[in-house]
Amino acid sequence: MSIMSNAKRALAVVAAAATLFSMAACGSSNAAGSKSDSSSAASSGKIEVVASINQWGSVAKDLGGSNVEVTNIMTKTNVEAHDYEPTSQDVAKFGTAKVAVVNGADYDPWATKAAQSTKATLVTAAETAGIKEGDNPHVWFSAKVRSNTADAITAAYQKADPSHKDDYAKFNKDWHAKEDQLESKIKDTSSKTENLPYAATESVAWYLADDLKMTDATPKGYAQASANESEPTPADIKDFQDTLKVGSIKMLVFNSQEANSTTDQITGAAKDANVPIVELTEQMPKQYTNLLDWMSALVDQFAAAVK
(Lines give C-alpha, C1' and ligand atoms only; values in the text may rest on other atoms or scores of the structure.)
Protein backbone atom coordinates (compact mmCIF):
# COMPACT_ATOMS: atom_id res chain seq x y z
CA MET A 1 0.00 0.00 0.00
CA SER A 2 1.50 3.33 -1.03
CA ILE A 3 2.10 6.30 1.23
CA MET A 4 -0.59 8.22 -0.65
CA SER A 5 -3.31 5.63 -0.08
CA ASN A 6 -5.12 7.48 2.71
CA ALA A 7 -5.44 10.63 0.65
CA LYS A 8 -6.52 8.72 -2.44
CA ARG A 9 -9.10 6.76 -0.49
CA ALA A 10 -10.55 9.96 0.93
CA LEU A 11 -10.77 11.48 -2.53
CA ALA A 12 -12.36 8.31 -3.90
CA VAL A 13 -15.05 8.35 -1.22
CA VAL A 14 -15.78 12.02 -1.93
CA ALA A 15 -15.93 11.27 -5.66
CA ALA A 16 -18.34 8.37 -5.13
CA ALA A 17 -20.58 10.48 -2.91
CA ALA A 18 -20.55 13.38 -5.37
CA THR A 19 -21.42 11.08 -8.25
CA LEU A 20 -24.34 9.57 -6.36
CA PHE A 21 -25.64 13.03 -5.48
CA SER A 22 -25.29 14.16 -9.07
CA MET A 23 -27.16 11.13 -10.38
CA ALA A 24 -29.95 11.54 -7.87
CA ALA A 25 -30.28 15.27 -8.51
CA CYS A 26 -30.33 15.39 -12.28
CA GLY A 27 -30.78 11.87 -13.63
CA SER A 28 -27.77 11.77 -15.96
CA SER A 29 -27.63 9.80 -19.20
CA ASN A 30 -25.42 7.26 -17.45
CA ALA A 31 -28.10 6.71 -14.86
CA ALA A 32 -30.68 6.25 -17.59
CA GLY A 33 -28.47 3.67 -19.29
CA SER A 34 -28.08 1.85 -15.99
CA LYS A 35 -31.84 1.71 -15.56
CA SER A 36 -32.08 0.12 -19.00
CA ASP A 37 -29.47 -2.46 -18.07
CA SER A 38 -31.31 -3.11 -14.82
CA SER A 39 -34.59 -3.63 -16.68
CA SER A 40 -32.85 -6.11 -18.97
CA ALA A 41 -31.49 -8.04 -16.01
CA ALA A 42 -34.90 -7.97 -14.33
CA SER A 43 -36.64 -9.29 -17.46
CA SER A 44 -34.18 -12.19 -17.58
CA GLY A 45 -35.13 -13.12 -14.03
CA LYS A 46 -31.53 -12.84 -12.84
CA ILE A 47 -30.32 -11.10 -9.70
CA GLU A 48 -28.10 -8.16 -10.61
CA VAL A 49 -24.97 -8.31 -8.45
CA VAL A 50 -22.03 -5.92 -8.26
CA ALA A 51 -18.74 -6.72 -6.51
CA SER A 52 -16.03 -4.18 -5.78
CA ILE A 53 -13.19 -6.65 -6.54
CA ASN A 54 -13.06 -9.76 -8.68
CA GLN A 55 -12.05 -11.98 -5.76
CA TRP A 56 -15.48 -11.60 -4.18
CA GLY A 57 -17.16 -11.39 -7.56
CA SER A 58 -15.96 -14.91 -8.36
CA VAL A 59 -17.48 -16.19 -5.13
CA ALA A 60 -20.74 -14.37 -5.88
CA LYS A 61 -20.85 -16.03 -9.31
CA ASP A 62 -20.16 -19.52 -7.93
CA LEU A 63 -22.95 -19.11 -5.39
CA GLY A 64 -25.52 -17.87 -7.87
CA GLY A 65 -24.83 -19.78 -11.06
CA SER A 66 -27.11 -18.89 -13.96
CA ASN A 67 -29.53 -17.15 -11.59
CA VAL A 68 -27.26 -14.14 -11.16
CA GLU A 69 -25.51 -11.55 -13.31
CA VAL A 70 -22.27 -10.45 -11.59
CA THR A 71 -20.35 -7.30 -12.47
CA ASN A 72 -16.84 -6.82 -11.03
CA ILE A 73 -15.60 -3.24 -10.72
CA MET A 74 -11.89 -4.05 -10.27
CA THR A 75 -10.39 -6.84 -12.37
CA LYS A 76 -6.71 -5.92 -12.88
CA THR A 77 -3.55 -6.17 -10.80
CA ASN A 78 -2.10 -2.83 -11.93
CA VAL A 79 -4.05 -0.85 -9.32
CA GLU A 80 -5.07 -1.44 -5.70
CA ALA A 81 -8.59 -1.08 -4.42
CA HIS A 82 -7.05 1.24 -1.79
CA ASP A 83 -6.13 3.68 -4.54
CA TYR A 84 -8.95 3.11 -6.98
CA GLU A 85 -10.92 6.15 -8.10
CA PRO A 86 -14.40 5.06 -9.26
CA THR A 87 -15.99 6.44 -12.40
CA SER A 88 -19.60 7.58 -12.59
CA GLN A 89 -20.35 4.36 -14.46
CA ASP A 90 -18.86 2.30 -11.61
CA VAL A 91 -21.04 4.06 -9.07
CA ALA A 92 -24.11 3.69 -11.27
CA LYS A 93 -23.65 -0.10 -11.26
CA PHE A 94 -24.13 -0.14 -7.50
CA GLY A 95 -27.28 1.90 -7.90
CA THR A 96 -28.97 -0.74 -10.07
CA ALA A 97 -27.82 -3.86 -8.21
CA LYS A 98 -30.00 -5.96 -5.93
CA VAL A 99 -26.96 -7.37 -4.11
CA ALA A 100 -23.62 -5.61 -3.56
CA VAL A 101 -20.51 -7.39 -2.29
CA VAL A 102 -17.67 -5.27 -0.91
CA ASN A 103 -14.54 -6.10 1.05
CA GLY A 104 -14.79 -3.59 3.89
CA ALA A 105 -12.20 -2.81 6.60
CA ASP A 106 -11.53 0.47 4.75
CA TYR A 107 -10.09 -1.45 1.78
CA ASP A 108 -12.67 -0.24 -0.74
CA PRO A 109 -14.45 2.67 1.01
CA TRP A 110 -15.60 4.08 -2.33
CA ALA A 111 -17.59 0.88 -2.93
CA THR A 112 -19.03 0.78 0.58
CA LYS A 113 -20.13 4.40 0.24
CA ALA A 114 -21.74 3.76 -3.14
CA ALA A 115 -23.56 0.62 -1.97
CA GLN A 116 -24.85 2.15 1.27
CA SER A 117 -26.61 4.85 -0.73
CA THR A 118 -28.68 2.31 -2.68
CA LYS A 119 -31.41 -0.25 -1.97
CA ALA A 120 -29.05 -3.17 -2.66
CA THR A 121 -28.56 -5.80 0.02
CA LEU A 122 -24.99 -5.16 1.14
CA VAL A 123 -22.58 -7.98 2.00
CA THR A 124 -19.36 -6.73 3.60
CA ALA A 125 -16.79 -9.52 3.76
CA ALA A 126 -14.70 -8.15 6.62
CA GLU A 127 -17.74 -7.64 8.83
CA THR A 128 -18.71 -11.31 8.58
CA ALA A 129 -15.72 -12.09 10.80
CA GLY A 130 -15.72 -8.96 12.96
CA ILE A 131 -12.78 -7.41 11.11
CA LYS A 132 -12.97 -3.64 11.19
CA GLU A 133 -11.25 -0.51 9.97
CA GLY A 134 -7.64 -0.50 11.16
CA ASP A 135 -7.32 -4.29 10.96
CA ASN A 136 -5.55 -6.04 8.09
CA PRO A 137 -8.04 -5.58 5.22
CA HIS A 138 -6.84 -8.37 2.90
CA VAL A 139 -9.51 -10.69 4.22
CA TRP A 140 -10.02 -12.91 1.16
CA PHE A 141 -6.83 -14.71 2.25
CA SER A 142 -8.68 -15.89 5.39
CA ALA A 143 -10.50 -19.24 5.36
CA LYS A 144 -12.92 -18.01 8.01
CA VAL A 145 -13.83 -14.86 6.10
CA ARG A 146 -14.25 -16.72 2.82
CA SER A 147 -16.64 -19.18 4.45
CA ASN A 148 -18.63 -16.54 6.33
CA THR A 149 -18.89 -14.29 3.28
CA ALA A 150 -20.15 -17.16 1.14
CA ASP A 151 -22.94 -17.80 3.63
CA ALA A 152 -23.82 -14.10 3.74
CA ILE A 153 -24.02 -13.93 -0.06
CA THR A 154 -26.25 -17.02 -0.16
CA ALA A 155 -28.57 -15.45 2.44
CA ALA A 156 -28.75 -12.27 0.31
CA TYR A 157 -29.67 -14.29 -2.77
CA GLN A 158 -32.36 -16.23 -0.94
CA LYS A 159 -33.82 -12.97 0.30
CA ALA A 160 -33.78 -11.38 -3.16
CA ASP A 161 -35.01 -14.47 -5.01
CA PRO A 162 -36.88 -16.80 -2.61
CA SER A 163 -38.33 -18.87 -5.47
CA HIS A 164 -34.82 -20.27 -6.09
CA LYS A 165 -33.93 -20.72 -2.43
CA ASP A 166 -33.11 -24.42 -2.88
CA ASP A 167 -30.84 -23.65 -5.83
CA TYR A 168 -28.82 -21.24 -3.74
CA ALA A 169 -28.59 -23.76 -0.91
CA LYS A 170 -27.13 -26.32 -3.34
CA PHE A 171 -24.68 -23.81 -4.81
CA ASN A 172 -23.60 -22.99 -1.26
CA LYS A 173 -23.08 -26.65 -0.41
CA ASP A 174 -21.02 -27.21 -3.56
CA TRP A 175 -18.93 -24.11 -2.85
CA HIS A 176 -18.22 -25.21 0.72
CA ALA A 177 -17.12 -28.62 -0.54
CA LYS A 178 -14.42 -26.86 -2.59
CA GLU A 179 -13.49 -24.59 0.31
CA ASP A 180 -13.19 -27.68 2.52
CA GLN A 181 -10.77 -29.20 0.01
CA LEU A 182 -8.72 -26.00 0.11
CA GLU A 183 -8.69 -25.95 3.89
CA SER A 184 -7.63 -29.60 3.91
CA LYS A 185 -4.70 -28.65 1.67
CA ILE A 186 -3.86 -25.77 4.02
CA LYS A 187 -3.92 -28.13 6.99
CA ASP A 188 -1.66 -30.65 5.22
CA THR A 189 0.75 -27.90 4.16
CA SER A 190 0.86 -26.50 7.69
CA SER A 191 2.67 -29.67 8.78
CA LYS A 192 5.60 -28.23 6.81
CA THR A 193 5.09 -24.55 7.52
CA GLU A 194 4.04 -24.54 11.20
CA ASN A 195 6.19 -22.09 13.19
CA LEU A 196 8.25 -21.30 10.08
CA PRO A 197 9.55 -17.72 10.45
CA TYR A 198 8.77 -15.60 7.40
CA ALA A 199 8.94 -11.93 6.54
CA ALA A 200 6.88 -9.89 4.10
CA THR A 201 7.44 -6.74 2.09
CA GLU A 202 3.77 -6.00 2.83
CA SER A 203 1.28 -7.86 5.02
CA VAL A 204 -1.01 -8.76 2.11
CA ALA A 205 -1.05 -12.54 2.71
CA TRP A 206 -0.96 -12.39 6.51
CA TYR A 207 -4.24 -14.31 6.94
CA LEU A 208 -3.09 -17.14 4.68
CA ALA A 209 0.26 -17.36 6.46
CA ASP A 210 -1.62 -17.44 9.76
CA ASP A 211 -3.85 -20.27 8.50
CA LEU A 212 -0.62 -22.07 7.57
CA LYS A 213 0.52 -21.53 11.20
CA MET A 214 3.59 -19.60 10.14
CA THR A 215 5.35 -17.03 12.33
CA ASP A 216 5.59 -13.43 11.12
CA ALA A 217 9.22 -12.42 11.69
CA THR A 218 9.18 -9.21 9.63
CA PRO A 219 11.56 -6.77 11.37
CA LYS A 220 9.49 -4.54 13.66
CA GLY A 221 10.51 -1.14 12.29
CA TYR A 222 9.80 -2.10 8.70
CA ALA A 223 6.51 -3.80 9.63
CA GLN A 224 5.30 -0.74 11.55
CA ALA A 225 6.19 1.59 8.68
CA SER A 226 4.26 -0.63 6.26
CA ALA A 227 1.25 -0.83 8.58
CA ASN A 228 1.24 2.96 8.98
CA GLU A 229 1.55 3.50 5.22
CA SER A 230 4.82 5.37 5.67
CA GLU A 231 8.19 4.86 4.06
CA PRO A 232 10.61 2.66 6.04
CA THR A 233 13.76 4.45 7.16
CA PRO A 234 17.19 3.49 5.78
CA ALA A 235 17.82 1.86 9.17
CA ASP A 236 14.62 -0.20 8.84
CA ILE A 237 15.67 -1.39 5.40
CA LYS A 238 19.19 -2.28 6.55
CA ASP A 239 17.77 -4.17 9.53
CA PHE A 240 15.56 -6.17 7.16
CA GLN A 241 18.51 -6.93 4.86
CA ASP A 242 20.74 -7.94 7.77
CA THR A 243 18.04 -10.22 9.20
CA LEU A 244 17.76 -11.97 5.85
CA LYS A 245 21.54 -12.37 5.66
CA VAL A 246 21.87 -14.10 9.04
CA GLY A 247 19.33 -16.74 8.05
CA SER A 248 16.71 -16.31 10.76
CA ILE A 249 14.02 -15.70 8.12
CA LYS A 250 13.18 -18.83 6.15
CA MET A 251 10.81 -17.33 3.56
CA LEU A 252 10.09 -13.91 2.07
CA VAL A 253 6.58 -13.03 0.86
CA PHE A 254 6.75 -10.37 -1.84
CA ASN A 255 3.77 -8.40 -3.16
CA SER A 256 4.90 -7.72 -6.73
CA GLN A 257 1.97 -5.35 -7.19
CA GLU A 258 3.83 -2.90 -4.94
CA ALA A 259 7.34 -3.34 -6.33
CA ASN A 260 9.62 -0.33 -5.86
CA SER A 261 13.23 0.52 -5.08
CA THR A 262 12.78 -0.47 -1.42
CA THR A 263 11.36 -3.91 -2.22
CA ASP A 264 14.13 -4.35 -4.80
CA GLN A 265 16.64 -3.99 -1.96
CA ILE A 266 14.74 -6.49 0.20
CA THR A 267 14.24 -9.12 -2.51
CA GLY A 268 17.87 -8.65 -3.58
CA ALA A 269 19.05 -9.41 -0.05
CA ALA A 270 16.80 -12.49 0.06
CA LYS A 271 18.24 -13.82 -3.19
CA ASP A 272 21.79 -13.21 -1.97
CA ALA A 273 20.99 -15.15 1.20
CA ASN A 274 19.18 -17.94 -0.71
CA VAL A 275 15.94 -17.22 1.13
CA PRO A 276 12.98 -18.59 -0.89
CA ILE A 277 10.62 -15.92 -2.20
CA VAL A 278 6.87 -16.39 -2.60
CA GLU A 279 5.73 -13.79 -5.11
CA LEU A 280 2.06 -12.82 -5.22
CA THR A 281 -0.28 -9.96 -6.00
CA GLU A 282 -2.98 -8.25 -4.02
CA GLN A 283 -5.70 -8.50 -6.66
CA MET A 284 -6.59 -11.83 -8.25
CA PRO A 285 -4.43 -12.35 -11.38
CA LYS A 286 -6.17 -12.62 -14.74
CA GLN A 287 -5.25 -16.28 -15.19
CA TYR A 288 -7.67 -17.12 -12.38
CA THR A 289 -11.43 -16.74 -12.54
CA ASN A 290 -12.03 -18.37 -9.17
CA LEU A 291 -10.85 -17.23 -5.74
CA LEU A 292 -10.46 -20.79 -4.42
CA ASP A 293 -8.30 -21.85 -7.37
CA TRP A 294 -6.06 -18.85 -6.77
CA MET A 295 -5.75 -19.60 -3.06
CA SER A 296 -4.97 -23.25 -3.80
CA ALA A 297 -2.18 -22.23 -6.18
CA LEU A 298 -0.73 -19.91 -3.53
CA VAL A 299 -0.75 -22.69 -0.94
CA ASP A 300 1.24 -24.78 -3.42
CA GLN A 301 3.73 -21.90 -3.75
CA PHE A 302 4.17 -21.72 0.01
CA ALA A 303 4.67 -25.49 0.22
CA ALA A 304 7.24 -25.46 -2.59
CA ALA A 305 9.19 -22.64 -0.92
CA VAL A 306 9.82 -24.62 2.27
CA LYS A 307 13.41 -25.88 2.30
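Reader: Which residue forms a salt bridge with Lys 132?

Author: Happy to start there; this is a predicted model, in which local features need pLDDT of at least 70, side-chain atom pairs count only at pLDDT 80 or more, and totals for chains, interfaces and linings use all residues. Residues are numbered from 1 along each chain as its sequence is written, and side-chain values use heavy atoms, leaving out hydrogens and water. A salt bridge needs a side-chain nitrogen of Lys or Arg within 4 Å of a carboxyl oxygen of Asp or Glu. With the closest N and O atoms 3.8 Å apart, the partner of Lys 132 is Asp 135.

Reader: Is Lys 132 buried or exposed?

Author: Buried means under 20% relative accessible area, exposed over 50%, and partly exposed in between (1.4 Å probe, protein chains only). Lys 132 has 53% relative accessibility, so the residue counts as exposed.

Reader: Which residue does Arg 146 meet in a salt bridge?

Author: The N to O distance in this pair is 3.0 Å. Both Arg 146 and Glu 179 are buried.

Reader: How many residues apart in sequence are the parts tied together by Lys 185 and Asp 300?

Author: Their side chains meet in a salt bridge at 3.1 Å, N to O. Helices here are DSSP runs (H or I, at least four residues), numbered from the N terminus. Lys 185 lies in helix α7 and Asp 300 in helix α12, so the separation is 115 residues.

Methods. Helix = DSSP H or I, 4+ residues; strand = E, 2+ residues; numbered from the N terminus.
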